[in-house]
Amino acid sequence: MNGRGKSYRFVVPEKRANKGGGAPPTAEPVEERSLAKGKPPMQNSGRAQKRATLRSALERVRQAAKRDREGQLTTLWHHVYNIDRLREAYFGLKRKAAPGVDGETWQTYGQGLERSLQDLSERLKRGAYRARPVRRVTIPKPDGGQRPLGVVTLEDKIVQRATAEVLNAVYEVDFLGFSYGFRPGRSQHDALDAVSVGIEHRRVDWVLDADIRGFFDTIDHEWLMKFVDHRIADKRVQRHIKKWLNAGVLDGEEWHLAKEGTPQGGSISPLLANIYLHYAFDLWAHQWRKRHCRGDMIVVRYADDIVMGFQHRSDAERFMLELAERLRGFGLSLHPDKTRLLEFGRFAAERRNRRGTGRPETFNFLGFTHICGKKRNGKFTVRRKTQASRRRGKLKALRSELRRRMHKAIPEVGRWLTQVLVGHYRYYGVPGNIKALSGVRTRVYWMWRWILRRRSQKAKVTRARMARLADRWLPEPRIYHPWPDQRLCV
């Protein structure tokens, strides 16, 4: 109803024919109908226009942060409780993610989505929003250990995702180029390419492979809030970050306050981790390279995994000692077993051969083992192959799942295996790694045959039949990624 007291009906437009070109034939008649009870009226702007408006608002935030790189931003929270942004955050979540302590799933929350988002926006606006505890679960790690994860409630995920999107507009102006983890427009393969190109095109003879011990579990909350305060002066943003940090952890039936760390699984945890390491490591390493390094030095960081290359061993040793001292000041420490200095680069093989110390050592980064190799023309290159522990862990999990699906229909299991292999190829399909990919497919072939032959005592799976199944359901490996210097130039 408008201001003059007139009422309107919303009419659904005519349906066009699904087939045929040129002028459409006479459309099927469509019944005019009024709005469903409780459904908001149609808005003039569509979803694409709303997205453009949200991007425009974030661009203004980014420009403000860029104009004054040392200043603080004071009014950001209204961008978070915007209903359109909360809606986009909701649709950006995983549909099948495990529910948090409240049992709310993506599907159940979406049944009354607009009403729920309106209520959430109002609570965020007036400060009545409360963070819920994080449900603690553990998943196996490739090295045999256990990785703790935090399952956040769906509403907390929505708010955290919206907050992270707004804060990213600020911090993407500040973050340095060698930081790759959990940043928009950057992936693990960008970090992998940066390592390869840096070693091949710069004078790198020594590699420091560093890992921060239990990083996500040892982040100091007091230091983190000090780092946030450098750029974010909006008290409402700071207050809600504190709410998430102090929400506590529910381990079974026992609740306890987490005095340090951010739960892996929260939508905002990766951003908070990047903010922490930006001040604790990135800025310091950048200044150290300019002030103290006598030769070439490269740095690539993906979350808490760091690879550095040095021209001189003395620079590498000094940096490693000062890095350990630097991290101690912020409650962090280097992992003694995963942090090591090794001779690596274009001259490593020749020098080690002269000394009689064997082939150059290798290092692992983001699931790949990096090896000193040569191209067909004899030039030095960094070869990458699937990390052995990752490969064994993948095949072990596949074998266990195949046993669980033993009596499922063959087409159903085949479709699942296709998805698994394609996903594996998409990540590990880098140039020079085709042999490792073929090995995974061969192992899956024999595991599946072994399972099929044990479906019953009368089961017979001949080689010919298994070959037909493999041709249909086990795709051949392929390379999905270009050579590093084609995607990244230094």
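A cavity, in the sense used here, is a set of grid points where a 1.4 Å probe fits but cannot get out, and its lining residues are those with an atom within 4 Å of a point. By that definition the second largest cavity of this predicted model is lined by 13 residues, and Ala97, Ala98, Glu104, Leu154 and Lys157 are those lying nearest its centre. The protein as a whole has 18 helices and 11 strands, and buried residues account for 44% of its 490 residues. Among contacts between residues at least 6 apart in sequence, 70% join residues that are at least 24 apart.

**Cavities**

- Rolling a probe the size of a water molecule over the atoms shows where empty space is left.
- By residue class, the lining of the largest cavity divides into 9 nonpolar, 4 polar and 2 charged residues.
- The second largest cavity has a volume of about 60 Å³, and its lining has 7 nonpolar, 2 polar and 4 charged residues.

**Aromatic pairs and cluster**

- A pair of aromatic rings is described by the distance of the centres and the angle of the planes.
- The structure holds 21 aromatic pairs, and one of them is formed by Tyr90 and Trp106, whose ring centres are 4.6 Å apart and whose planes lie at 5°, so the pair counts as stacked.
- This pair links distant parts of the chain, since Tyr90 belongs to helix H3 (residues 83-91) and Trp106 to helix H4 (residues 106-110), with the two residues 16 residues apart.
- Tyr90 counts as buried because its relative accessibility is 2%, and Trp106, with a relative accessible area of 13%, is buried as well.
- Phe215, Phe216, Trp223, Phe227, Tyr276, Tyr279 and Phe330 together form one aromatic cluster.

**Charges over rings**

- Arg186 lies over the face of Tyr180, at a distance of 4.6 Å from the ring centre.
- In the case of Arg405, the charged end sits over the ring of Trp416, 4.4 Å from the centre of that ring.

**Two loop residues**

- Lys375 is placed in the loop between strand E10 (368-374) and strand E11 (380-386), and its relative accessibility of 40% makes this lysine partly exposed, because that class covers values between the 20% limit for buried and the 50% limit for exposed.
- When neighbours within four places in sequence are left aside, Lys375 is in contact with Phe380 and Thr381.
- Gln387 lies in the loop between E11 and helix H14 (388-404), and with a relative accessible area of 14% this residue is buried.
- With neighbours within four places in sequence again left aside, Gln387 is in contact with Asn364, Gly367, Phe368 and Thr369.

Terms used: Residues are numbered from 1 along each chain as its sequence is written. This is a predicted model: local features need pLDDT of at least 70, side-chain atom pairs count only at pLDDT 80 or more; totals for chains, interfaces and linings use all residues. Side-chain values use heavy atoms; hydrogens and water are left out. Ala, Val, Leu, Ile, Met, Phe, Trp, Tyr, Cys and Pro count as nonpolar, Asp, Glu, Lys and Arg as charged, and the others, Gly among them, as polar. On a 1 Å grid over the protein atoms alone, a cavity is a set of points where a 1.4 Å probe fits but cannot get out, and a pocket is an open set with protein on both sides within 12 Å along at least five of seven lines; lining residues have an atom within 4 Å of a point. Grid points are joined across faces, edges and corners, and a volume is the space filled by probe spheres set on the points. Helices (H or I, at least four residues) and strands (E, at least two) are DSSP runs, numbered from the N terminus. Buried means under 20% relative accessible area, exposed over 50%, partly exposed in between (1.4 Å probe, protein chains only). Contact means heavy atoms within 4.5 Å. Rings of Phe, Tyr and Trp (its six-membered ring) pair if their centres lie within 6.5 Å; planes under 30 degrees apart count as stacked, over 60 as edge-to-face and the rest as tilted. A charge sits over a ring if NZ of Lys or CZ of Arg is within 6 Å of the ring centre and within 35 degrees of the ring normal.
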